[in-house]
Amino acid sequence: MNIIIKRSKTMAKQIWPSVLAIFFALLLSGFLLFATGHNPLRAYARLFDGAFGNLNRFAETLVKTIPILIIALGTSVAFKCKLWNIGGNGQYTVGAIAAVAVAVYVPLPYFIRIPLSLVASIVAGMIIGGGVGLLRAKMNANEVITTLMFNYIIMYFLSWLVNGPMMDPEGFGFPQTQLIPDQMKLQSIIPGTRLHFGLFLALIIVVVAFIFWKTRTGFRISLVGESHEVAQASGVSVQKHIVLTMMISAALPAIAGWIDVFGIHGRLQENLPGELGTIAIVVALLGGLNPIGIVFASLFFSALVVGGSTMQRFEGVPYSLVGIIQGLVIVFVICRVVYEEFKEKRRVKQLVH
Amino acid sequence: MYLLWIELSRVGTMFNFMTEKAIKEAGKVIEKPLVQMIQIKKTFSGIPANDCVDFTLKEGSVHGLLGENGAGKTTLMNILFGLYEPDSGKVLIKGEPVKIHSPLDAMNLKIGMVHQHFMLVKTLTVTENIMLGIKSTRTPFLDTRMIRNRIIELSGKYGLDIDPDAKIWQLSVGQQQRVEILTAIFKGADILILDEPTAVLTPGESEDLFSILRELRNSGIGIILISHKLEEILAIADEVTILRNGVKTGETLVTPSTTKQELTRMMVGRDVLFNFTGKDVNIGKECLSLDHLCAIDDRGVQVLQDVSFSIKDGEILGLAGVDGNGQKELCQILTGLRKTTGGTIHLYDQDLLTMTPKQCIDNKIFHIPEDRQKSGLIMDWDVQKNLILKNYDSKSISGRFCLSEQRIGEQADTMIQEYNIKTPGREEVVKKLSGGNQQKIILAREMEGDPELLIASHPTRGLDIGAMEYVRQRILDQKANGAAILLVSADLEEIFQLSDRIAVIYNGRIMGIVSPDAGISKIGMLMAGIMETENVGVDA
Amino acid sequence: MSNNLYIDFMISLLAGTIRISIPILLPALGQIYTQRSGILNLGVEGIMIIGALSGFVGAFFTGSLWFGVFSAVVAGLLFSLIMGFLSITIKANQVIAGTALTILGTSLASFLYRVIFGIRKLPPIIDSFPSLNFLGLSKIPVIGPIFFNHNILVYLALFLVFFTWFVLEKTTFGLKVKAVGEFPRAADSKGIRVGLIRYICVAIGGMYAGLGGAFMSIGYMDTYMDHMIAGRGFIAVSVVIFSRWDPKRALFAALLFGGANVLQMRLQSIGVNIPNQFLLALPYVLTILVLVGVSKKVAFPSAFTIPYSRNSK
C-alpha cells in the first residue's frame, strides 16, 4: 500500500512541471490569440472539440497518437543515452518505404508477407540508426547533424522513388506508389472510424519500453548516458552501446512508419512524415523520457494537431498556432529549472536560519 | 623523521628571513595590513565551509593558510578573490572595507591568484593569455607587441624564463605555474594568493618556486600560501593561519622554534597516530607481473617506458610519484581501458593485455579510481544504483531479464551498514553525500567483489582524517584477505604506512623499487628523477 | 554556338553560386561567434525565418529596404536572446533549446504573416535590392556578370567575412570569445564575464541570421514564403563546423554548398537527365561527408555545448 502511495507521489511530482508548462503555454498563446482579435476560449474549446468531441474525432486523435507515441519512445531511448537523435522523420520514412516495398513487390502469401514487411521496416531503421551510431562512435561525428542531414537525404530519396522506380503505373502520373493489397491492411477496431489495430501494437511497445529500462541493457544504456568514463570503468563498451542505442532509437520510428502505411496511408507519397519527427522530440521531453509520461504527452500533442485543423477551419485561427504552443511548451518545460533552483535556494535559506 | 631533507633546507633559508624581518620591523611603526578578513561565513547547501573565520595578511610577508583538504582554505581565498560571495563577514584591503563581487573587482584591488588548476587557455599563447586579463591600451584592438615586450622584461627581472610566444599546452607544469605568477605580477598585484602550488611540482621545482616567492616578497608583495604540507609552511612562511572544518583554530608567527607537532595539533585537533593492524601478512604467489611495458598517451607521447614490476598475493606495492608521470595511464592499462605499445602483463597465468575491461572485472581486478566524482560515481544517481555498477549483471542482482529492485535494495542496505556509509537512505543522491562517504561507496563496491588485484589510486585524496584512517584500514584488510594491491599515491606518508615495497615512477619509468626502510630522502631523489650515480651510465 | 552557350551557362552558374551562398554564409558567420563561445544554436533556422518576415514587413510598410534590413537584424537579435536565456541563464540542453526556437520561429512567422497580410490570392510583393553596377564594371565580359552584378547585400556579406575574421583575431573581444569557449573558468578568473560574452555572441549570431533571413525575402525573392529558409539555417551550422570556425573557410564552404544547389538547378534547366532529387540531396550528403572528415581531427572548442556555472564546485 505504502509503496503505491509513494509511487504515485513521485509520479505526481514528475508530472506536475509538464502540466504547468502546458498551462503557461496555453495561457501565453491565449494572449497572442486575444491580441490578434480571436477569442482564445472559443478557439481552445473548438480545438478540444475537434480532438475529443465525438467518437470519430477521438478515434482520429488516437490514430495520430500512434506514430507520435512510437517515434517519441524511440527518441527517448537516445535521449536517455544523451544522444540527440533528431532524425525521427527520416527513420519513419525508411520504415514506410521498406513496408511498401515488401507489401507491393514480394509475391509471398500474406501471412508471410506481413511479418516480413515489419521485419524489413525494422531492419531499415536499424541500418540508418546503426550508421549514425557508428559515425558517432568511431568518427565522433555529431549525431545531431548527421540525423538532421539524413532527414533531408531520405526525404529526397522518397521523392525520387515515388516519382521514379516505385511510381504507380496506373496513377496518372501522381507522385505516389500503388496501394498495398487490401487484405494486408490493419483492420479497424471501431467500424466506421480509421482507428486500427496498430493501437495495440503501440501499447505493446509502451509495455516493452517500460520493461526495457529495468533490463541489463536498459541499465547499461542509461549508464553510458550518464558518464562514458564510469561506464567504461564498469566494463560497459561505450561505442557498442552508442551504436545499439541508435539502432533501437531508429527502429521504433521505422515501426511507426510501417504502422502508418498499413493502418492509414496504404501507399507512399512525398513528404510522408510531415512534422512528426519534430513533434516527437518535444513529446519525449514533455513526457520526461518516461514511457508512461510519453503516452500522455503524445495524446496531448496529437490532440493539438487534430484539433488545430478544426480550429483553423471554424475559427479562422492559423494552424501555426499549434506550433507556437508546442514551442512554448518546451520553453516552459526547460524553464522549470529556474523554479526548482528557486525552491532549492529557499530550502537552503531555511536551513541556515 | 623522513622529512628531514626538507627540514635541512629550511634551516638554511631561515637565517635570511630573520635578518630581513628585523630590518623591516625596525623601519616601520604601525602599518595597515594588506588584507583583513573578519568573521567570514560561507555555506554550501547547508554545510558551512567557512564559519566566522578571521584572516590577516601583512605587507611583504608570506602567510601560510594551513589545513586539511576540505578545511575551507580554498573557499576562504575564493571569497577574497571574488569567486564566491560570503554569506556574511567583512573584507578590508589596506584598511578600506571593500565588496569583492568578481575576480575583476579583486584584480582592481591588486589581488592576484594562482589556482591549483591553472587558469590558462591551453590553445592560446602566453602573451594572449596575459592579454586576456588586461585592459588593452588600444581597446578595442589588441596591443600584442607591447605586452610581449613587457613579458620579456618581467620574466627576466624575476628569473621566470618564459617564452611569450609559446602555446600553453607546449609548456611544462612548472612553466605554466610561472606564467600564472607572471600574469598576476603583470597587473601589478601586491597581494598574491597561491593555492597548493607545490602539489604538482617535483621537490626541485618546488625549491625554484620558493626562491621566486622570496624574490617577490622582498619586493614588497604579500603572499598567501594555501597548503596542507607542514614542511612547506615551515620552509617559507612568516606567519600561518590554521583552519579545521571551516573554523580557524590558530594563528602564529613561524619561528625556528615552531614545531610540526604544534601545527598538526591545530590542524587535526589531536596528534595523528595511525595505528594499523594487518600489516604482517604472509605474502603468497605472484599475482601480477609487468614486463617492459610501454605505452603512449592520447596525444601520442610516450608515457610509459619499460615498466617492470610484480605484486604477490597479500602484498601492497606502493607506486610513489608526482602526479602526471604515467600513473593514470598505468591504471588504465591494468583495468583494460588502454592499449599498450610493447611489453607484457600477466595476471597469474593469464595474459592481461587481451582482456576487455569487462573481462578484467570478471577476473576480479578492481579499481578505486583517482577522480572518484568523475570516473567512480554517477553523481546524479542514488546510493543503491552506484553500488551495483560492477555487479549489476550477476545473479545476486539481476534475474533472467530484469534487475531486481528488491535485491538492489537489500545489497545497498547491507553495504551501507557494513561500510558505515552515512546517508539518509539508499535512495539518496550521491552528490549530496560528503567526500568520505562517497569514497566509502566506491570501497564497498570494489571490495565486495573480493578482488584478486586491487588498484587504489590516491584512495585518501581530499578526505578528512577519520575517513582517511578508515580507508587505509580497509586496504590493509584486503591485504589480509590475500589480495595483491597496487597503491598509487603522491602522499608519501600513506605510501610509507601501507607499502611492503615502494616503486617510484618518474617520467614514465620505474626509477627503482625499494623497501620502506630506504628512507624518505632516497625516495625523494627518485621522485625527482635523480638516479644514483652508478646508474647514470645505464640510463638510456 | 555551343561554346557561347557553355560560357553563358558557366556565368549563370557562378553568379548564381555567389548569390545563393550568401544566405548560408551570413548565418554561418554569425554562428562562428556563437559556437566559438561554446554554444551550438540549432535555432538559426527559426531566427532566419523571423528575420525574413521582419525584413519583408519592414520594407513593405515603410517602402525602405534598409529599414527592412534594420528590422530583420533587430528581430534576429531579440529572438536569439531566447536562446541565450535558455542556454546561458537556465543552462538548458542546447539541442532542445534550439529545436524549441526553430519550432517557435517557424510557427510564429507563419502565424504573424497570416495575421498581418490575411489570406490573399497573390502574395504581397516588393522590389528587392537592385544589382549594383560599380561604374560599369559589370559590363566587363564574363568577370562582370559573375562578380559585379549583385545587390549590395552580397557585398556586405563578403565584407562581413573580413570583418568577422578581424574581430576574432585582432580585437580584445575576439580573444575573450575564444577563451570563453575553450576554458570558461579561466576566462572567469581573469575577470571576463562568461555569461555576458556568450550572450553577446548569441546575439551577434542572431543579428547575422536575421540579416541572412532578410536576404532571402528582400534581397533574393521579392516576397515572403513560409518555407523559404528551407534548411539553410541547419546548413549554416554544418558550414561552421566544416570551416573549423574560420570565417575565410566559411566563405569557401558556403560557396561549395551553394554551388551544388545551383548546379542541380542549372543542369535541370538545360535538361541534363539526372534525377533532380539526387542533386538536391547532394549538399546534405556532402555535409555528412565533410562532418565525418573533420570530426576526427577537429578539436571542438573544449567547452562546446557545456553550460558554465561559477558556483558548481
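Predicted model: local features only at pLDDT ≥ 70, side-chain atom pairs only at ≥ 80, totals over all residues.
## A walk through the chains

Helix 5 of chain B and helix 6 of chain B are roughly perpendicular to each other, because angles from 65 to 115 degrees count as such. Two packed helices are described by the angle between their axes and the distance between the axes. For helix 5 (residues 144-157) and helix 6 (residues 173-186) of chain B, the angle is about 110° and the axes are 11 Å apart. If you zoom in on the crossing, you will find B:R150, B:I151, B:L154 and B:S155 on the helix 5 side, meeting B:L182, B:I185 and B:F186 of helix 6. By class, that contact has 5 nonpolar, 1 polar and 1 charged residues. An α-helix has 3.6 residues a turn, so residues three or four places apart point the same way.

Now step back to take in the rest of chain B. Its secondary structure comes to 18 helices and 20 strands. Of the 540 residues in chain B, 44% are buried. Among the contacts in chain B with a separation of 6 or more, 68% are between residues 24 or more positions apart.

One of the sheets to look at in chain B is an open one of 4 strands, with the order 12-11-14-15 and antiparallel pairing. Strand 12 (302-312) and strand 15 (350-351) of chain B stand at the edges; each has a single partner strand, so one side of each is left without a neighbour in the sheet. Further in, strand 11 (residues 286-296) and strand 14 (residues 342-347) of chain B run antiparallel and are joined by 5 bridges.

The domain assignment of chain A gives domain 1, made of 1-38 + 317-353, and domain 2, covering 57-303. Taken over C-alpha atoms, the centres of the two domains of chain A are 28 Å apart. Their contact takes 8 residues from domain 1 of chain A and 10 residues from domain 2 of chain A. Helix 1 (2-35) and helix 13 (320-352) of chain A each supply at least two residues of the domain 1 side, and that side divides into 5 nonpolar, 3 polar and no charged residues.

Chain A meets chain C as well, with 37 residues of chain A in contact with 35 residues of chain C. Helix 5 (110-139), helix 6 (143-163), helix 11 (276-286) and helix 13 of chain A each give two or more residues to the chain A side. Helix 13 of chain A provides the largest share of that side, 13 residues. By class, the side of chain A that touches chain C has 26 nonpolar, 11 polar and no charged residues.

Finally, visit chain C itself. Helix 7 (residues 172-182) of chain C is mostly covered, with 10 of its 11 residues buried. The buried residues of helix 7 of chain C include C:L175, C:V177 and C:V180, and also C:K176, C:K178 and C:E182.

Definitions and conventions. Residues numbered from 1 in each chain as written. Chains lettered and ligands numbered in written order. Domains from an automatic or database assignment. Contact = placed C-beta atoms within 7 Å. Nonpolar A, V, L, I, M, F, W, Y, C, P; charged D, E, K, R; others polar. Buried ≥ 20, exposed ≤ 12 C-beta atoms within 10 Å, placed from the backbone. Pairing = 2+ DSSP bridges. Axes fitted to C-alpha atoms, helices over the stretch in contact; angles between N-to-C directions. Parallel < 35°, antiparallel > 145°, perpendicular 65-115°, else oblique.
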